[in-house]
Amino acid sequence: MLTFLGLSMVIVFTLLIMTKRLSPITALAIVPIVFAIIGGFYKDLGTMMLDGLKVVAPSAALLLFAILFFGVLIDAGLFDPLIKKMLKIVQGDPLKIVIGTALISMLVALDGDGTTTHMITISAMLPLFLRLGMNPLILGTVSMLSVSVLSGMTPWGGPATRAIASLGLDANEFFIPILPTLLGGMLSIVGIAFILGRKERKRLGVVVLNEKEQKSWGMPELALSMESTDHLKRPHLTWLNLILTIAVMGILVLGLLPAPILFMIGFMVALLINYPNLDLQKERLDAHASNALTVVTLVFAAGIFTGIFSGTKMVDAIAMSLVSIIPDSVGSFFPLVVAITSLPFTFVLSNDAYYFGVLPILAEAASAYGVSPLEIARASVLGQPVHFLSPLVASTLLLVGMLKVDLGDFQRYAFKWAFLCSSILIIVALLTGAITIF
């Protein structure tokens, strides 16, 4: 009963947001409440939702202050020199821009944090995409894929760390055999970037920019509106802002402060340095309030969804049902089964629910067939490109918020590329022995 209820809830939720019958915020909150009432869990509904909100509260605070922090730095013009330099190098060629975006996002994603990757990549590249008339969904897709592979498969990234911890594995034994798969995933991202960039080049052509157009970053019609924000630019503080950004990123990677506290302090310092005038400070807060509120609201709505999904034990029921329907004849193919099922499972579940709730069950079942838990752990991270399309992923909510696009539109556009990337990861893992089927 719980399995049917949980699967029905996920299907209804997905259909509602994909068909735009409900907004993601509304669907994340209303759908699980309705199904919890149908399942008879109305007495504990408030407690489950509150537990879910408590879990996502740190993420909500992180995203709120991170958006404000980078918003102030963008206003001050920190990324202007990078964009102008990039524009000079690519000479208005959409193909080079998309490939450059892939390389930048993969480099930044090496720190294992999806939120940081999106904030830096989108902040730096979105103005360039918009000013050349390129599709911002391409930028989001490339950034998302970079995070899914680099963060998903490195031992210091979230998914792999959870897999290693939940099964009590050695990080080196997990990581070294999967390195070729990681490299294959990186090549697949560059290949996807090439395909998408070539399509944009065919659609837009190579834009030849004169000096006046370069000053306005490729779209002369925006020159006037850019001049209206000149009073916000702080070119004389570029180096100071860069040092502040590097310091915040360094402290984040070293883990010296909790991320929400770090970005709160960073935002306040950035605001004070660049806009000491109280009226300008209020103006900047108002300017970024809409974007920040949208993302934070999505995160809290996702907390209600996960709180009910976990509290009602629907997730546990689905996991047990999956294990029970796997026939003995596929025992030797168990790593492949885990890899394939990780695509839908990690889409509908949070990483914590999957890696700490489902993965140990799968590993225990695999041990009956003589399959090493190391292979199960490696297989479990191969579906991360699809997982990062889930509305339960905080960094993805930040991504669509920064791009100012609808989550459903982004999912529809990026799904085939995410599925292709996951498929390539599985194939490379099989060919290189990271997972086996015999």
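This is a predicted model: local features need pLDDT of at least 70, side-chain atom pairs count only at pLDDT 80 or more; totals for chains, interfaces and linings use all residues.

Biologist: Let's begin with the aromatic rings. How many aromatic pairs does the structure hold?

Modeller: There are four aromatic pairs in the structure. One of them joins F65 and F267, whose ring centres are 6.4 Å apart. Their planes stand at 40 degrees, so this pair is called tilted.

Biologist: Which helices do F65 and F267 lie in?

Modeller: F65 belongs to helix α3 (residues 45-76), and F267 belongs to helix α14 (residues 259-274). The pair therefore ties together parts that are 202 residues apart in sequence.

Biologist: Are those two buried or exposed?

Modeller: F65 is buried, with 18% relative accessibility. F267 is buried too, at 7%. The cut-off for buried is under 20% relative accessible area, so both values qualify.

Biologist: Nice. What about F69 and F263, how do their rings sit?

Modeller: Those ring centres are 5.8 Å apart and the planes are at 70 degrees, so that pair is edge-to-face. F69 is in helix α3 and F263 is in helix α14, so here the pair ties together parts 194 residues apart in sequence. F69 and F263 are both buried.

Biologist: How many residues apart are K282 and D286?

Modeller: They are four residues apart in helix α15 (residues 278-311), so about one helical turn separates them. K282 is exposed, with a relative accessible area of 53%. D286 is partly exposed, at 47% relative accessibility.

Biologist: What does R284 form a salt bridge with?

Modeller: R284 forms a salt bridge with E283, and the closest N and O atoms there are 3.1 Å apart. R284 is buried, with a relative accessible area of 9%, whereas E283 is partly exposed at 33% relative accessibility.

Biologist: Which residues are linked with those two in a network of salt bridges?

Modeller: D75 is linked with E283 and R284 in a network of salt bridges.

Biologist: Got it. Where do D409 and R412 come in, and how many residues apart are they?

Modeller: D409 and R412 are in helix α22, three residues apart, so they too are separated by about one helical turn. Their side chains meet in a salt bridge at 2.4 Å, N to O. D409 is partly exposed, with a relative accessible area of 27%, and R412 is partly exposed as well, at 36%.

Biologist: Okay, next one. Which residues gather in the patch of positive charge on the surface?

Modeller: That surface patch gathers R198, K199, K202 and K416. Helix α10 (residues 179-204) gives the largest share of the patch, three residues. K416 lies in helix α22 (residues 407-432).

Biologist: Helix α22 again! What about C421, is that buried or exposed?

Modeller: C421 also has its place in helix α22. C421 counts as buried, with 0% relative accessibility. The C-alpha atoms of C421 and L382 are separated by 9.1 Å, and these residues are 39 apart along the chain.

Biologist: Last topic: backbone angles. What is the phi of K313?

Modeller: K313 has a positive phi of about 70 degrees, although K313 is not a glycine. K313 is found in the loop between α15 and α16 (314-325). With a relative accessible area of 46%, K313 is partly exposed.

Biologist: And where is K404, and what is its phi?

Modeller: K404 sits in the loop between α21 (394-403) and α22. The phi of K404 is near 60 degrees, a positive value in a residue other than glycine.

Biologist: Is K404 buried or exposed?

Modeller: K404 counts as exposed, at 68% relative accessibility.

Biologist: Thanks, that helps a lot!

Conventions: Residues are numbered from 1 along each chain as its sequence is written. Side-chain values use heavy atoms; hydrogens and water are left out. Patches are made of residues with over 30% relative accessible area and no salt bridge: like charges are joined within 9 Å, nonpolar side chains (Val, Leu, Ile, Met, Phe, Trp, Tyr) within 5 Å. Accessible areas come from the Shrake-Rupley method with a 1.4 Å probe; for residues, only the protein chains shown count as cover. A salt bridge is a side-chain nitrogen of Lys or Arg within 4 Å of a carboxyl oxygen of Asp or Glu. Lys and Arg count as positive and Asp and Glu as negative; His and the chain ends are not counted. The place of a charge is taken as NZ of Lys, CZ of Arg, CG of Asp or CD of Glu. Helices (H or I, at least four residues) and strands (E, at least two) are DSSP runs, numbered from the N terminus. Rings of Phe, Tyr and Trp (its six-membered ring) pair if their centres lie within 6.5 Å; planes under 30 degrees apart count as stacked, over 60 as edge-to-face and the rest as tilted. Buried means under 20% relative accessible area, exposed over 50%, partly exposed in between (1.4 Å probe, protein chains only).
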